[in-house]
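Colleague: Please take me through the terms applied to this model and the grounds for each.

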Amino acid sequence: MIIPIQYLLALSGILFVLGVLGVLIRRNAIVIFMSIELMLNAANLALISFARTIAPAEAGLGGQVMVFFIIAVAAAEVAVGLALIVTIFKLRHSIDVDQVHTLKG
Amino acid sequence: MNMDLILFLTLAAVAVITAVSMIASRNAIYSALFLVLNFITIAAIYLLLDAAFIAMVQITVYAGAIMVLFLFVIMLLGAERVEAETRLTWQRPLSLVLGFVLLAEMVYLLFFHGGGSLPVVHEFEGAFGSPRSIGLVLFDSYLLPFEVASVLLLVAMVGAILLVRDERKEAS
């Protein structure tokens, strides 16, 4: 039996909004970063849902391949982002984003 | 109510609860562990949606590699509880209100306004989303993006090493 696509997109939307709220509310840079990962996952869920709606199965698989690439890019992004956070912590001894309001080190 | 729908609604409830707990918990390590649970739940939903390969990639790369990196950095910095005094006063309720407005817009568009124009889900028989079919598509139509992704990962690795290098130590 098939799950209606509205439900899947609603779950994706809820997770995305929770990610946005995490970015807006929290000030720990690592938690903000994790909220961004949550938003990426919500977008992936929407892509996987839409991949099942395209008629020839080979064309629909393109959606799943795109999710594969998004995961690869997210891995690269996490490596660089966490390196930036470590560098900021070495300079300022804090990863509270309120403390990091100037670019000059 | 059929079996798949009940399973999906249970998994969706777990995903939403873990996401809320991730944002709400004070300790960053608890946030990371809740996020791992959230990723595994979403991987189970991918299994429901005929995406077995992506579900496995999600568990190994996201719940495995990326979250271990997060936990490693949290413990390296000792940054579990860095949020002390709050300087955001009116921004926090405003962000909650705006988030709920965004959610209400999405729900309205999905269920009441444009629900009829959404595409219909097909029932696939056989090996849709299996590692074999994904691999055939990946190395046939998407070979160039695959190679570019490997270069991107290399550049990210070099960039990460360059960023955390201790310059003072090298100068002396």
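Modeller: What follows sets computed values against their definitions.
This is a predicted model, in which local features need pLDDT of at least 70, side-chain atom pairs count only at pLDDT 80 or more, and totals for chains, interfaces and linings use all residues. Residues are numbered from 1 along each chain as its sequence is written, while chains are lettered from A and ligands numbered from 1 in the order in which they are written.

Colleague: What makes D50(B) count as buried?
Modeller: A residue is buried if 20 or more other C-beta atoms, placed from the backbone, lie within 10 Å of its own. D50(B) has 23 such neighbours inside 10 Å and therefore counts as buried. D50(B) sits in the loop between α2 (28-48) and α3 (52-77) of chain B, and its phi is positive, about 60°, although D50(B) is not a glycine.

Colleague: Why are α3(A) and α6(B) called roughly parallel?
Modeller: Angles under 35 degrees, taken between N-to-C directions, count as roughly parallel. The axes of α3(A) and α6(B) (residues 143-163) cross at roughly 10° and come within 9 Å, so the two helices are roughly parallel to each other.

Colleague: What classes of residue form the contact of α3(A) with α6(B)?
Modeller: Residues are in contact if their C-beta atoms, placed from the backbone, lie within 7 Å. F69(A) and L84(A) are among those of α3(A), and L152(B) and M157(B) among those of α6(B). With Ala, Val, Leu, Ile, Met, Phe, Trp, Tyr, Cys and Pro counted as nonpolar, Asp, Glu, Lys and Arg as charged, and the others as polar, this contact has 17 nonpolar, two polar and no charged residues.

Terms used
Helices (H or I, at least four residues) and strands (E, at least two) are DSSP runs, numbered from the N terminus. A residue is buried if 20 or more other C-beta atoms lie within 10 Å of its own, exposed if 12 or fewer, and partly exposed in between; C-beta atoms are placed from the backbone. Axes are lines fitted to C-alpha atoms, for helices over the stretch in contact, and angles run from 0 to 180 degrees between N-to-C directions. Angles under 35 degrees count as roughly parallel, over 145 as roughly antiparallel, 65 to 115 as roughly perpendicular and the rest as oblique. Two residues are in contact if their C-beta atoms, placed from the backbone, lie within 7 Å.
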